[in-house]
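Keep the viewer open as you go.

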Amino acid sequence: MREVSQSRYVQAVTNRFRTPATNFIIKTAIAFVVLAALTVLFPTEEGPTLQVALSLITTIYFINDRLKSKLRAFLYGVGTFIVSWLLGTFLMVSVVPPILKGPRSLEVTTSLVTYVLLWVSSTYLK
């Protein structure tokens, strides 16, 4: 276990994250919980397109709030959005069946997984 935790790759990943102030964690959590509630309560025929777009904007905003660099915030935000959406889609298609039932349950459940991953990246990414 010690070898794994001291390897270059594990150190590179753990050095990219930090724990912010509790107020910041609560603020970001509230924003993503509201987006998740809107996604579940108001599913549309086209899917949660508006809420997903708002989650990208929210992620970029919170990353910029911490890093004070608009270019890095945009690149981190878009990058984490793409990775989280692909990972959420993979999880919902291959690993976990959709939690919610309905015609758009795959998109809604994928969005919820994406919101969790975006919250982690916008809160803890250094």
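## Annotated spans

Please keep in mind that this is a predicted model. An unreviewed UniProt entry carries the annotation "transmembrane region" for residues 21-42, 48-64, 73-96 and 108-125.

Two of these spans are worth a look in the viewer. Residues 21-42 are 91% helix and 0% strand, with end C-alpha atoms 32 Å apart. For residues 108-125, the end C-alpha atoms lie 25 Å apart, and the span is 94% helix and 0% strand.

## Aromatic pairs

How many aromatic pairs are there? The count comes to four. One of them joins Phe24 and Phe62, whose ring centres are 5.8 Å apart. Their planes make an angle of 85°, and the pair is edge-to-face. Together with Tyr61, Phe24 and Phe62 make up one aromatic cluster.

Now turn to Phe81 and Trp85. Why does this pair count as stacked? The ring centres are 6.4 Å apart, within the 6.5 Å limit for a pair, and the planes meet at 20°, under the 30 degrees cut-off, so Phe81 and Trp85 are stacked. Because Phe81 and Trp85 are four residues apart in helix H5 (residues 70-95), about one helical turn separates them.

Are these two residues buried or exposed? Phe81 has 16% relative accessibility; buried means under 20%, so Phe81 counts as buried. Trp85 has a relative accessible area of 27%, which falls between the 20% and 50% cut-offs, so Trp85 is partly exposed.

## The largest pocket

Rolling a probe the size of a water molecule over the atoms shows where empty space is left. The largest pocket has a volume of about 160 Å³. Which residues line the largest pocket? They are Phe17, Thr80, Val83, Ser84, Leu87, Leu117, Val120, Ser121 and Leu125. The elements giving two or more residues to this lining are H5 and helix H6 (105-124). H5 gives the most, with four residues.

What is the lining of the largest pocket like by class? There are six nonpolar and three polar residues, and no charged residues.

How values were computed. Residues are numbered from 1 along each chain as its sequence is written. This is a predicted model: local features need pLDDT of at least 70, side-chain atom pairs count only at pLDDT 80 or more; totals for chains, interfaces and linings use all residues. Side-chain values use heavy atoms; hydrogens and water are left out. UniProt positions are given in the numbering used here, feature names are shortened, and annotations may be inferred rather than shown by experiment. Rings of Phe, Tyr and Trp (its six-membered ring) pair if their centres lie within 6.5 Å; planes under 30 degrees apart count as stacked, over 60 as edge-to-face and the rest as tilted. Buried means under 20% relative accessible area, exposed over 50%, partly exposed in between (1.4 Å probe, protein chains only). On a 1 Å grid over the protein atoms alone, a cavity is a set of points where a 1.4 Å probe fits but cannot get out, and a pocket is an open set with protein on both sides within 12 Å along at least five of seven lines; lining residues have an atom within 4 Å of a point. Grid points are joined across faces, edges and corners, and a volume is the space filled by probe spheres set on the points. Ala, Val, Leu, Ile, Met, Phe, Trp, Tyr, Cys and Pro count as nonpolar, Asp, Glu, Lys and Arg as charged, and the others, Gly among them, as polar.
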